[in-house]
Number of protein chains: 2
Amino acid sequence: MTATKKSKPTTAPSAPTAPARAKITTTGDREVRIERIFNAPRERVWDAMTKPELVAQWWGRGNKLVIERMELKRGGHWRFVEHSDHGVHGFEGRYREIKPMERISMTFEWDGMPGYPAVSTAAFEDLGDGRTKVISTMQFFTPEERDGMLQSGMEGGMNESYAALDALLARTN
Amino acid sequence: MTATKKSKPTTAPSAPTAPARAKITTTGDREVRIERIFNAPRERVWDAMTKPELVAQWWGRGNKLVIERMELKRGGHWRFVEHSDHGVHGFEGRYREIKPMERISMTFEWDGMPGYPAVSTAAFEDLGDGRTKVISTMQFFTPEERDGMLQSGMEGGMNESYAALDALLARTN
């Protein structure tokens with residue numbers, strides 16, 4: 001989810017049963033789609049993505065993450081600030097839709113490009129075998145914004161976040 | 001600028017020299033463009049659109065307007081709340097670019113549709129005869145959001161705001 005930052009080696013250990021890396025595909029001219037399977041039931045993946053004390057343990061990929069706001073309801077605001085060796089990066093947005101266990105949709109904006117929000121939606125699919133597939137889409141205002149995000153190292157940063165989430169799910173199993 | 005509300009009769013008197021109503025035209029499939037001439041020099045129109053104590057006098061079309069935030073700089077946030085007989089309507093966003101006397105670009109979101117921002121840009125053109133042309137564009141995420149905004153009475157609400165702005169410019173001449 002920490003999509004706009006450069007890739008760097010993650011400090012979170014990989015879970016031994018970590019699924020394959022998430023693959024980012026482009027759809028249309030200003031969207032991306034990301035599928036990722038997690039080795040945990042849907043309720044635990046949902047909690048890890050919606051409870052602030054859990055989000056703080058993986059979203060920042062091992063960096064300190066301050067959750068300034070996380071009003072998990074339609075119209076609520078969120079704001080996360082990551083403190084890394086390379087500086088302080090703020091991210092924020094507003095929740096468009098929350099459907100527990102099923103779907104979260106929100107705007108996503110990085111302080112480095114203020115006023116350039118994307119719409120980020122995650123859908124949670126119970127695979128029936130104790131695993132959960134998360135299908136994320138991000139829609140940007142323009143093709144240039146989408147391509148700029150991809151070139152900024154989005155895929156690497158996202159996989160680092162997801163590896164840290166794997167580790168969290170493994171240790172809280 | 002109060003773009004998402006139903007048209008209602010303005011309580012602000014029309015300036016005797018009020019220019020023609022603003023015309024909204026559509027460009028592409030998810031944008032609108034609005035041109036409007038004001039009978040005042042560019043610096044006074046700029047001030048009326050950027051100084052909170054002046055914005056409060058016209059943006060709400062005669063309704064009470066509370067300016068909760070107006071951090072007029074790149075990355076700053078704004079939030080206006082209009083209190084009318086029909087309820088309380090909040091609007092907010094973040095400034096993308098401020099170029100004094102020339103250009104303001106920001107996101108624009110109505111509390112009634114949270115998480116559905118548009119990008120609003122206003123350019124100020126000195127017509128050389130004491131008048132100023134303001135060219136505004138709004139870009140929406142989708143054609144449906146653009147068309148929904150148009151159908152919500154955007155043109156009427158905007159013309160009420162601009163009529164109130166005419167009146168402000170006339171009385172502070």
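Buried area is the accessible area, taken with a 1.4 Å probe, that two parts lose on being put together, summed over both. In this predicted model, the area buried between chain B and chain A is about 1,900 Å², and carbon and sulfur atoms give 50% of that area. To this contact chain B brings 25 residues and chain A brings 25 residues. Arg94(B), Arg96(B) and Phe141(B) supply 37% of the area that chain B buries against chain A, which is more than any other three residues supply.

Chain B can be laid on chain A with an RMSD of 0.0 Å, by a turn of 180 degrees with a shift of 0.0 Å along the axis. The two copies are therefore related as by a two-fold rotation axis. The same surface serves both copies, since 100% of the contact residues of chain B recur in chain A. Phe141(B) is the residue of chain B that comes closest to the rotation axis, its C-alpha lying at 3.0 Å.

Within chain B, the axes of helix α1 and helix α4 come within 11 Å and cross at roughly 120 degrees, which makes α1(B) oblique to α4(B). The crossing in which α1(B) passes α4(B) is right-handed. The table sets out the residues that meet there.

| Helix | Residues of the helix | Residues in the contact |
|---|---|---|
| α1(B) | residues 42–50 | Arg44(B), Val45(B), Ala48(B), Met49(B) |
| α4(B) | residues 154–171 | Tyr162(B), Leu165(B), Leu168(B), Leu169(B) |

The residues of this contact of α1(B) with α4(B) divide into 7 nonpolar, no polar and 1 charged.

Notes. Residues numbered from 1 in each chain as written. Chains lettered and ligands numbered in written order. Predicted model: local features only at pLDDT ≥ 70, side-chain atom pairs only at ≥ 80, totals over all residues. Heavy atoms only, no water. Least-squares fit on C-alpha atoms with pLDDT ≥ 70 in both. Contact = heavy atoms within 4.5 Å. Axes fitted to C-alpha atoms, helices over the stretch in contact; angles between N-to-C directions. Helix = DSSP H or I, 4+ residues; strand = E, 2+ residues; numbered from the N terminus. Parallel < 35°, antiparallel > 145°, perpendicular 65-115°, else oblique. Left-handed = near helix turned anticlockwise from the far one by under 90°. Nonpolar A, V, L, I, M, F, W, Y, C, P; charged D, E, K, R; others polar.
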